[in-house]
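Here is a short briefing on one protein chain. It covers the overall fold, then two positions.

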Amino acid sequence: MTISRRAFLRGVSLIAIPAALPVAVRQQRPAARDSGGAAADTLINPVGRAAALGPLDNDPRVIGLERRLRCTCGCTLDVYTCRTTDFSCTYSPAMHRTVVAAVQRGDSNEQILNAFVVEHGEAVLMAPPARGFNLAGYLVPGLSIAAIGLALVAWLGRHRDIAPVTVEANAPLAAPDAEQLQRLRRALDDVES
């Protein structure tokens, strides 16, 4: 008896999903309370620890700043993506708290970014400023593609002049002349020896 993959997966899902549903419902936690007693949003990570969200955690300005900063844990993600996807990272929450504190102080976006650059260097920025040697990173790829494209167009232009050999369907082929026969014999002799 053979069973299709689709039928097998349907059977497994009918067994696994109802069995896991009560466990998922039991793991839900009541909403966390902020200092004023009001219900705060909670973020439950896969490990199961709840983290209360503050009023600026989902602020568009904070998220915009965090998307311009690279997490220093080595993951190459921006701070916002790292803190919302990698719950084992300890660097991105600390950087997030620094951004939130600076926003609460009233610092401008440029002041906040400059403070991170002073502390961590330009490598903390997701896109380095377009000045000095950094210009090479912005210009070289485009100029290289343009140069390769021009070289390809020039090469194709030179080789387009060679006319393709066309033979009509029922046209008789011309007999080779004596010089062509002589070259053919020499080539065959070279191959045989």
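Helices (H or I, at least four residues) and strands (E, at least two) are DSSP runs, numbered from the N terminus. The model is predicted: local features need pLDDT of at least 70, side-chain atom pairs count only at pLDDT 80 or more, and totals for chains, interfaces and linings use all residues. Residues are numbered from 1 along each chain as its sequence is written, and side-chain values use heavy atoms, with hydrogens and water left out.

**Whole chain**
- The protein chain holds 7 helices and 4 strands.
- Their order from the N terminus is α-β-β-β-β-α-α-α-α-α-α.
- Of the 193 residues, 16% are buried (under 20% relative accessible area; exposed is over 50%, partly exposed in between; 1.4 Å probe, protein chains only).

**D107**
- D107 sits in the loop between α4 (91-105) and α5 (109-120).
- Its relative accessible area is 19%, so D107 counts as buried.
- The side chains of D107 and R105 form a polar contact of 2.9 Å (a pair of N or O atoms within 3.5 Å; within protein, one must be able to donate a hydrogen and the other to accept it, and residues adjacent in sequence count only if both atoms are side-chain atoms).
- Beyond neighbours within four places in sequence, D107 is in contact (heavy atoms within 4.5 Å) with R61, A102 and I112.

**V79**
- V79 belongs to helix α3 (residues 79-85).
- V79 is buried, because its relative accessibility is 0%.
- Not counting residues up to four places away in sequence, V79 touches E66, L69, R70, C71, S92, M95 and H96.
- V79 and S92 are 13 residues apart along the chain, with C-alpha atoms separated by 5.3 Å.
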